[in-house]
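I opened this model to get my bearings. These are my notes, in the order I looked things up.

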Amino acid sequence: MNTVSEAELQAWVDGRLPAARRAAVDQYLNDHPQEAKRLRAYREQNAGLRALFNPVLDETLPPSLAGVPQRRWRLPSQRLVAGLAIAVGAGLLGGAGGWMLHDRLQQDDAVLAAQARTALPRQAALAHAVYSPEVRHPVEVGADQQQHLVAWLSKRLGAALRPPLLAQQGYELVGGRLLPGDSGPVAQFMYADAAGQRLTLYVSPGQRGKQDTGFRFAQEGAVSVFYWIDGSFGYALSASVPKARLADIADAVYRQLEP
């Protein structure tokens, strides 16, 4: 019997299936509609990721990063050495030299803060592009287990989470999942409207000190993102809907998340 392997199915998704096996794989998918549906969803994910990140290749370098030297990758060790020098041999750096170093580190902090602000919407958009097209496993825990979902994610993020109610905006909770973030776990809540259009709320801790409390908008490929920082948490609402529509939903989310 001529079987079709998972590797061949993934090659079909990526457009790399050898011509000699195309007829067999096409027949297999015709005989297994659920598998065909799964693989079409993977193709949609790939298309979403390409739409999201291909434009980045043509972006100009942000002004805040234009003067950053390549040796920035050695910044942690440079800071450690500078700190030891200040502590052990303050006389060698005193006066103007110490303040020049202090000013340089402040500039470094500003650049890193700008990078962090950019990272939040991009990470949220990426998570949305990956999971929102998923047919069989869009979430780890469904809305039918909402109490367990909220308790689990709250425990992992170290704060009481409250997924907003968006029925008035036409969306119902699908469920959520735990994702890795730059400084620890993050949460993603997924919603869907009656037509199956999905939006996701990305919740990221470890944002204290970013000083970004107002709404900001980012367009990451086909994904629109409204994001803001409130206390130590960053929030990003992502969907492939018009900006004005997403702004209304983001406002509803923000009002429900206020203490």
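**Overview**

How many helices and strands does the secondary structure of the chain come to? I read off nine helices and seven strands. Helices (H or I, at least four residues) and strands (E, at least two) are DSSP runs, numbered from the N terminus.

I noted the ground rules next. This is a predicted model, where local features need pLDDT of at least 70 and side-chain atom pairs count only at pLDDT 80 or more, while totals for chains, interfaces and linings use all residues. Residues are numbered from 1 along each chain as its sequence is written, and side-chain values use heavy atoms, leaving out hydrogens and water.

I looked up burial for the chain. Of its 259 residues, 38% are buried. Buried means under 20% relative accessible area, exposed over 50%, and partly exposed in between (1.4 Å probe, protein chains only). The accessible surface comes to about 15100 Å², with 55% belonging to carbon and sulfur atoms. These areas come from the Shrake-Rupley method with a 1.4 Å probe; for residues, only the protein chains shown count as cover.

I also checked contacts, meaning heavy atoms within 4.5 Å. Among those between residues at least 6 apart in sequence, 59% join residues at least 24 apart.

**Strand E7**

I turned to E7, residues 233–239. Seven of its seven residues are buried, so E7 is largely enclosed by the rest of the structure. Phe233, Tyr235, Leu237 and Ala239 point one way; Gly234, Ala236 and Ser238 point the other way.

Which strands pair with it? Two strands pair if DSSP finds at least two bridges between them. Strand E4 (residues 198–204) pairs with E7 in the antiparallel sense over six bridges. There, Ser204 stands opposite Gly234. Strand E6 (residues 223–230) is joined to E7 by seven bridges, and these two also run antiparallel. Trp228 has Tyr235 as its bridge partner in E7. E6 and E7 form a hairpin with two residues between them. Gly231 in that turn has a positive phi of about 65°.

I picked out Ser238. Its relative accessibility is 1%, so Ser238 counts as buried. Leaving aside residues up to four places away in sequence, Ser238 touches Ala124, Ala125, His128, Leu199, Thr200, Val223, Ser224 and Val225.

**Rings**

I counted seven aromatic pairs in the structure. Phe233 and Tyr235 form a stacked one, 6.4 Å centre to centre with 25° between the planes. Rings of Phe, Tyr and Trp (its six-membered ring) pair if their centres lie within 6.5 Å; planes under 30 degrees apart count as stacked, over 60 as edge-to-face and the rest as tilted. Phe233 is buried at 11% relative accessibility, and Tyr235 is buried at 12%. Ring pairs link Phe215, Phe217, Phe226, Trp228, Phe233, Tyr235 and Tyr254 into a cluster.

I then looked for charges over rings (NZ of Lys or CZ of Arg within 6 Å of the ring centre and within 35 degrees of the ring normal). The charged end of Lys243 sits over Phe217, 4.6 Å from the ring centre. Arg177 lies over the face of Tyr131, at 3.8 Å.

In H1 (residues 6–14), Glu8, Leu9, Ala11, Trp12 and Val13 are buried. Gly15 follows H1 and has a positive phi, near 75°.

Which residues of H2 (residues 19–31) are buried? I found Arg21, Val25 and Leu29. They cover an arc of only 75° around the axis, which puts them on the same side of H2. The arc is that of the directions from the helix axis to the C-beta atoms. Ala20, Ala23 and Asn30 are exposed on the other side of H2.
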